[in-house]
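The sequence and structure come first.

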Amino acid sequence: MPVAVDAMGGDHAPAAIVQGAVAAARQGFRVVLVGPEEVVRRELSRCDAGGLPIEVRHASEVVAMDDHPGQAMRRKKDNSIRVCFELVKRGEACGMVSAGNSGAVMAGGVFVLGRLEGVERPGIMSVLPALTGRPLLVDAGANVECRPIHLVQFALMAEVYARRVLGVARPRVAVLANGEEASKGTDLTRAASAALRLAPVDFRGYCEGRDLLTGDFDVVVTDGFTGNVALKTMEGTAKVIGELIKGALRSTPVAMLGGLLAKRALGAMKRKVDWREIGGAPLIGVDGVGFITHGSSDALAIQNAVRRVQAAADAHATDEIARAAGQAEALLAAAAAQAAGGTHQQGRPGAAPEA
């Protein structure tokens with residue numbers, strides 16, 4: 001099945017989106033572009049896309065970046081985001097990606113695909129650049145206020161995604177907090193951590209902000225407010241450091257010569273931290289594959305997003321993700337029982353009592 005691409009989402013739509021879809025199609029990926037048919041076909045005609053595995057599906061409406069997500073989904077029944085999700089729901093696309101209104105994409109995933117059975121709230125997973133690996137940060141902005149069950153479900157679902165989609169043999173899971181000690185954090189992080197210590201995952205405790213990009217953890221969970229602030233802080237820091245490096249390399253003739261000599265190495269470093277290479281943030285907890293990519297996505301970002309959507313669809317991990325999320329309530333109950341003075345026989349949910 002093809003990947004459904006919202007041709008009208010993002011700051012550079014539809015031109016950059018169509019160009020990225022065409023680049024993905026040239027790599028062998030099937031794509032269905034969704035948007036006003038006349039507009040989409042006009043862009044395709046500029047890309048020499050003849051003979052490529054690209055379809056066009058008409059959507060008469062577009063969700064603007066300043067539209068209210070829920071209202072847009074209810075009032076604009078034929079918007080390009082919703083039509084993408086409907087293609088996935090009907091089995092006409094393996095997954096979808098949009099660079100448009102992120103709230104509307106999340107709302108569309110919930111309204112059209114629905115939540116997986118047992119999932120309290122779906123989240124947004126952001127794939128981070130790191131010294132080693134590609135850590136997952138969840139939630140990256142979908143749920144500003146969370147309860148312990150949400151963080152536990154985020155952790156369990158993302159652990160499955162890291163194994164099945166990213167190929168991490170045994171993902172190391174952590175909760176984002178303001179220190180490594182178990183006494184640190186908030187009531188939310190302490191309750192989630194207590195439950196995750198009983199979970200059948202490789203839980204490593206707390207992750208401090210400084211360790212998000214070290215590669216020491218494969219899954220880091222937090223509430224959407226904290227996660228989004230952390231994500232935007234990292235984006236801003238990377239931008240500032242990039243500008244400082246540019247300024248330093250242009251400061252003197254000797255520095256410029258050094259920059260020329262280091263050009264290849266600097267290019268490799270830039271690609272490693274380039275968000276366009278990551279391909280977007282998957283929705284976790286909805287009954288299907290949906291990706292949100294950056295609003296300023298260019299053709300390269302869309303090309304990579306199509307590839308990531310296909311990989312997630314090929315993993316067929318939805319059922320396992322649902323089963324993992326379903327453990328959260330029992331884990332929290334077992335942790336509460338231990339805190340109240342329970343014995344070791346309550347260790348893992350489902351474990352046989354000690355004789």
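## Basis

The model is predicted: local features need pLDDT of at least 70, side-chain atom pairs count only at pLDDT 80 or more, and totals for chains, interfaces and linings use all residues. Residues are numbered from 1 along each chain as its sequence is written, and side-chain values use heavy atoms, with hydrogens and water left out.

Helices (H or I, at least four residues) and strands (E, at least two) are DSSP runs numbered from the N terminus. Buried means under 20% relative accessible area, exposed over 50%, and partly exposed in between (1.4 Å probe, protein chains only). Contact means heavy atoms within 4.5 Å.

## Nonpolar cores

A nonpolar core is a set of buried Ala, Val, Leu, Ile, Met, Phe, Trp, Tyr and Cys residues joined through side-chain atoms within 4.5 Å. The largest one has 76 residues, and Val 5, Leu 33, Leu 44, Val 152 and Leu 156 have the most contacts inside it. Helix H6 (residues 148-164) contributes the most to this core, with eleven residues. Apart from it there is another core of 38 residues, including Ala 4, Val 63, Ile 124 and Val 286. In soluble globular proteins, nonpolar side chains tend to be buried together.

Leu 44 touches Val 18, Val 22, Leu 33, Ala 49, Ile 54 and Val 56, when residues up to four places away in sequence are not counted.

In helix H7 (residues 187-196), the buried residues are Leu 188, Thr 189, Ala 192, Ser 193, Ala 195 and Leu 196. Their arc around the axis is only 160 degrees, which puts them on the same side of H7. The buried residues of H7 pack against H6, strand S7 (172-176), strand S8 (202-207) and helix H13 (328-339).

## Cavity and pocket

On a 1 Å grid over the protein atoms alone, a cavity is a set of points where a 1.4 Å probe fits but cannot get out, and a pocket is an open set with protein on both sides within 12 Å along at least five of seven lines; lining residues have an atom within 4 Å of a point. Grid points are joined across faces, edges and corners, and a volume is the space filled by probe spheres set on the points. Ala, Val, Leu, Ile, Met, Phe, Trp, Tyr, Cys and Pro count as nonpolar, Asp, Glu, Lys and Arg as charged, and the others, Gly among them, as polar.

There is one cavity of 30 Å³ or more. The largest cavity holds about 140 Å³ of space. Its lining has 16 residues, of which Tyr 161, Leu 283, Gly 288, Val 289 and Ile 321 lie nearest the centre. Strand S10 (281-284), strand S11 (290-292) and helix H12 (318-325) each supply at least two lining residues, and S10 has the largest share, three residues. The lining of this cavity has twelve nonpolar, four polar and no charged residues.

The second largest pocket has a volume of about 190 Å³. It is lined by 14 residues, with Met 1, Cys 94, Val 289, Ala 313 and His 316 nearest its centre. Helix H11 (residues 299-315) gives the most to this lining, four residues. By class, the pocket lining has eight nonpolar, five polar and one charged.

## Ala 142

Ala 142 lies in the loop between strand S6 (136-138) and H6. Its relative accessibility is 28%, so Ala 142 counts as partly exposed. Ala 142 touches Met 106, Pro 122, Gly 123 and Ile 124, not counting residues up to four places away in sequence. The C-alpha atoms of Ala 142 and Pro 122 are separated by 7.8 Å.

## Backbone geometry

Most residues other than glycine have a negative phi, and most peptide bonds are trans. The bond joining Ala 13 and Pro 14 is cis, with omega about -5 degrees; Pro 14 is in the loop between strand S1 (3-6) and H1. The peptide bond from Val 138 to Asp 139 is also cis, with omega near 10 degrees, and Asp 139 is in the loop between S6 and H6.

Asp 48 has a positive phi, near 50 degrees. Asp 48 lies in the loop between H2 and S3 and is exposed, with a relative accessible area of 66%. The phi of His 316 is likewise positive, near 50 degrees. His 316 is in the loop between H11 and H12 and counts as exposed at 63% relative accessibility.

Note on methods
Arc of directions from axis to C-beta.
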